[in-house]
Amino acid sequence: MRYRLNNVKACLECSEKDVELKVIEKFGGVLLRNLRIVKKSLDARKKSELFYIYAVEFEADEELLEDKDLVKVVECEEIDFSKFVWEEEDRPVVVGSGPS
């Protein structure tokens, strides 16, 4: 199963490898594969305490209990947007786009 762990806090000096190790430590003996950082944001609400917050995706062989920070990643089908592209002569004409 593929999971996403949100709100992983790390100091400014921590490397991405340290973040991956923190995630591995959180789940103890569970084998985690294909760890990938998908989001990194800076929390600067307190000027004296700056830190990064990460979202990490990974795969696990075992079923993990979900909570507010751990969610399953569901694969969705790709949407084909090519059917929404108009040819030059078929384009819609918008008239009177001012305030009504």
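This section describes the strand arrangement, the aromatic pairs and the surroundings of one aspartate in a predicted model.

The sheet is open and is built from four strands in the order β2-β3-β1-β4, with antiparallel pairing. The edges are taken by β2 and β4 (70-72), each of which has a single partner strand, so that one side of each is left without a neighbour in the sheet. Neighbouring strands of this sheet are turned against each other by 25° on average when direction is ignored. Helix α1 packs on the sheet, where α1 touches β1, β2 and β3, and the direction of the helix makes about 120° with that of β1. The pairing of β1 (residues 2-11) with β4 is antiparallel and runs over three bridges; within β4, Lys 72 is the bridge partner of Tyr 3.

Tyr 3 also belongs to an aromatic cluster, which Tyr 3 forms together with Phe 27 and Phe 58. A search of the whole structure finds three aromatic pairs. In the pair of Phe 27 and Phe 58, the ring centres are 5.5 Å apart and the planes stand at 50°, so the pair is classed as tilted, given that planes under 30 degrees apart would count as stacked and those over 60 as edge-to-face. This pair links distant parts of the chain, since Phe 27 lies in the loop between α1 (16-26) and β2 (32-43), whereas Phe 58 lies in strand β3 (residues 51-60), with 31 residues separating the two. Both Phe 27 and Phe 58 are buried. A further arrangement that involves an aromatic ring is that of Lys 40 and Tyr 52, in which the charged end of Lys 40 sits over the ring of Tyr 52 at 4.4 Å from the ring centre.

The loop between β3 and β4 contains Asp 69. With a relative accessible area of 16%, Asp 69 is buried, because the value falls under the 20% limit applied to that class. The side chain of Asp 69 makes a polar contact with the side chain of Asn 7, at a distance of 2.8 Å. When neighbours within four places in sequence are left aside, Asp 69 is in contact with Arg 4, Leu 5, Asn 6 and Asn 7.

Methods: Residues are numbered from 1 along each chain as its sequence is written. This is a predicted model: local features need pLDDT of at least 70, side-chain atom pairs count only at pLDDT 80 or more; totals for chains, interfaces and linings use all residues. Side-chain values use heavy atoms; hydrogens and water are left out. Rings of Phe, Tyr and Trp (its six-membered ring) pair if their centres lie within 6.5 Å; planes under 30 degrees apart count as stacked, over 60 as edge-to-face and the rest as tilted. Buried means under 20% relative accessible area, exposed over 50%, partly exposed in between (1.4 Å probe, protein chains only). A charge sits over a ring if NZ of Lys or CZ of Arg is within 6 Å of the ring centre and within 35 degrees of the ring normal. Two strands pair if DSSP finds at least two bridges between them. Axes are lines fitted to C-alpha atoms, for helices over the stretch in contact, and angles run from 0 to 180 degrees between N-to-C directions. Contact means heavy atoms within 4.5 Å. A polar contact is a pair of N or O atoms within 3.5 Å; within protein, one must be able to donate a hydrogen and the other to accept it, and residues adjacent in sequence count only if both atoms are side-chain atoms.
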